[in-house]
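Trainee: Could you walk me through this model, one feature at a time? I would like to learn how to read each feature and then see the case here.

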Amino acid sequence: MLIGSHKIDSHNEELLVSHKNKLVFTASEIAETENIIQKLIEFQIAIPSWALGTGGTRFGRFAGGGEPRSLEEKIEDVGLLHALNKASGAISLHIPWDIPTDHNAIKTLASQHGLRFDAVNSNTFQDQPNQEHSYKFGSLQNVNKAIRKQAVAHNIEVIQQGIELGSESLTVWLSDGSCFPGQLNFRKAYQNTLESLEEIYAALPSHWKLFLEYKCAEPNFYSTTVADWGQSYSYVKKLGDKAKTLVDLGHHLPNANIEQIVSLLLMEDKLGGFHFNDSKYGDDDLTAGALKPYQLFLIFNELVEGMDARGMNHASDLGWMIDASHNVKDPMEDLLQSVEAIMIAYAQALSVDKKALEIAQNENDVVKAQEILQTAYRTDVRALVAEARLRSGAALNPVELYRKLSVRDGLFAERGFKTVATGL
Ligand SMILES: [Mn+2]
């Protein structure tokens, strides 16, 4: 299924007068809107291949129907999102859920939709059919060397797949840890994990990055071997310049100050990328910005400040990806909402009066500092995000157009009601 540009044009035509009025007002409230719009046009957020199907919990999964049945159909779904918002121009593959059989055909299909391949993701958190050794007691940390070797070989295979597709980074998330006190020797688990990561790191092409994602708990609930940013930092520091920490917003203990973590990792040149989602209790994998949009803004404020301090390119120097699950929403609508929330938070951060904030900080003017941040947060930037889409040939209101075109009904017709996507 494809969305013709004439459909997007006629949708935009209907909303144009109202949009332009809002844009004029926004430009009267915010300085340098042109600069912000240009940065928004460049900013792209990768969609993971496992987010196109309905998510579930260990209690059940309520599939929505019309889900992609193959990697090709997943690429087509991301293509639909990108046609609607022109801000989802990359796909992140999960191996072995999405192993390409014909790399050239897959690359051609992706480029037809204007997509590139973002980080490839390995999976040693579950056993696959015909796998020799089990990961029940961990993978890179395992006390059994043969099991560690198998997990290392899998990661190297994922790198090879990524090379074929033009990816430039590998994301490693480990479920390794322990369920009960005494189960694991922490020091040996760390040393085994480091040794395994060193073997994977040695297989990286020179221009690649390795992202080490941390998570405080689940599926192990007593200890996790890469549990927080400090533990990830400890590994990536030893591995070398190509190894960086990846921050997933749902992987922290409650009330962690994620914006401060981001700032320090950037300062140390060890922030590699982001997995966006929102949460109330743990790794809820809710739509980005659904619950804590102010926190998302504060995180972007530190990202912009820290990247500018290092002279980094906002669009290309970090990996930006959504990592969410959609139990009761149409996954496509949920992803459109997440991308919108991320773009709004980014636009708000770009609109912060940084010179005034620096003066307020240097004068210990706490009230003024809060006024500056909250003015940026409370000023409506949605017209800037919409204008970036308009100039890119995308829809002024992607969710509205998705519904008006009955995209999901079209996917039902193509794929049926009982299709289930591979993934979570
Ligand atoms: Mn993640």
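Trainee: Which unit do β11, helix α8 and β12 make, and what is its handedness?

Mentor: Some ground rules, to begin. This is a predicted model, where local features need pLDDT of at least 70 and side-chain atom pairs count only at pLDDT 80 or more, while totals for chains, interfaces and linings use all residues. Residues are numbered from 1 along each chain as its sequence is written. Helices (H or I, at least four residues) and strands (E, at least two) are DSSP runs, numbered from the N terminus. A crossover is right-handed if, with the strands pointing away from the viewer, the path from the first strand over the helix to the second runs clockwise. Here β11, helix α8 (residues 258–267) and β12 make a right-handed β-α-β unit. Another right-handed β-α-β unit consists of β12, helix α9 (residues 293–309) and β13.

Trainee: In what order do the six strands of the open sheet come?

Mentor: Pairing comes before order: two strands pair if DSSP finds at least two bridges between them. The order is β6-β7-β9-β11-β12-β13, and the pairing is parallel. At the edges are β6 (120–121) and β13 (319–322), each of which pairs on one side only.

Trainee: Are the residues of β9 mostly covered or exposed?

Mentor: Burial is a neighbour count: a residue is buried if 20 or more other C-beta atoms lie within 10 Å of its own, exposed if 12 or fewer, and partly exposed in between, with C-beta atoms placed from the backbone. Strand β9 (residues 209–213) is mostly covered, five of its five residues being buried. K209, F211 and E213 point one way from the strand and L210 and L212 the other way. β12 is mostly covered too, with six of its six residues buried.

Trainee: How do α5 and α6 cross?

Mentor: Axes are lines fitted to C-alpha atoms, for helices over the stretch in contact, and angles run from 0 to 180 degrees between N-to-C directions. The axes of α5 and helix α6 (residues 186–202) come within 9 Å and cross at roughly 35°. As for handedness, a crossing is left-handed if the near helix is turned anticlockwise from the far one by less than a right angle, and right-handed if clockwise. α5 passes α6 in a right-handed crossing.

Trainee: Which residues of α5 and α6 meet?

Mentor: Two residues are in contact if their C-beta atoms, placed from the backbone, lie within 7 Å. R148, A151, V152, N155 and I156 in α5 meet N192, S196, E199 and I200 in α6. Helix α5 (residues 145–165) also lies across β6 and β7 (169–173), at about 150° to β7.

Trainee: Why does E67 count as buried?

Mentor: E67 is buried because 24 other C-beta atoms lie within 10 Å. E67 sits in the loop between β3 (60–61) and α3 (71–85). Leaving out residues up to four places away in sequence, E67 touches L52, G53, T54, T419, V420 and A421. The C-alpha atoms of E67 and F417 are separated by 8.0 Å, although these residues are 350 apart along the chain.

Trainee: Which backbone details stand out at E218?

Mentor: For a peptide bond, look at omega; for the residue itself, look at phi. A cis peptide bond joins E218 and P219, with omega about 5°. E218 also has a positive phi of about 80° although it is not a glycine. E218 lies in the loop between β9 and β10 and counts as partly exposed, because it has 13 C-beta neighbours inside 10 Å.

Trainee: Where is P96, and what is the peptide bond from I95 to P96?

Mentor: P96 is in the loop between β4 and α4 (103–112). The bond from I95 to P96 is cis, with omega near 20°.
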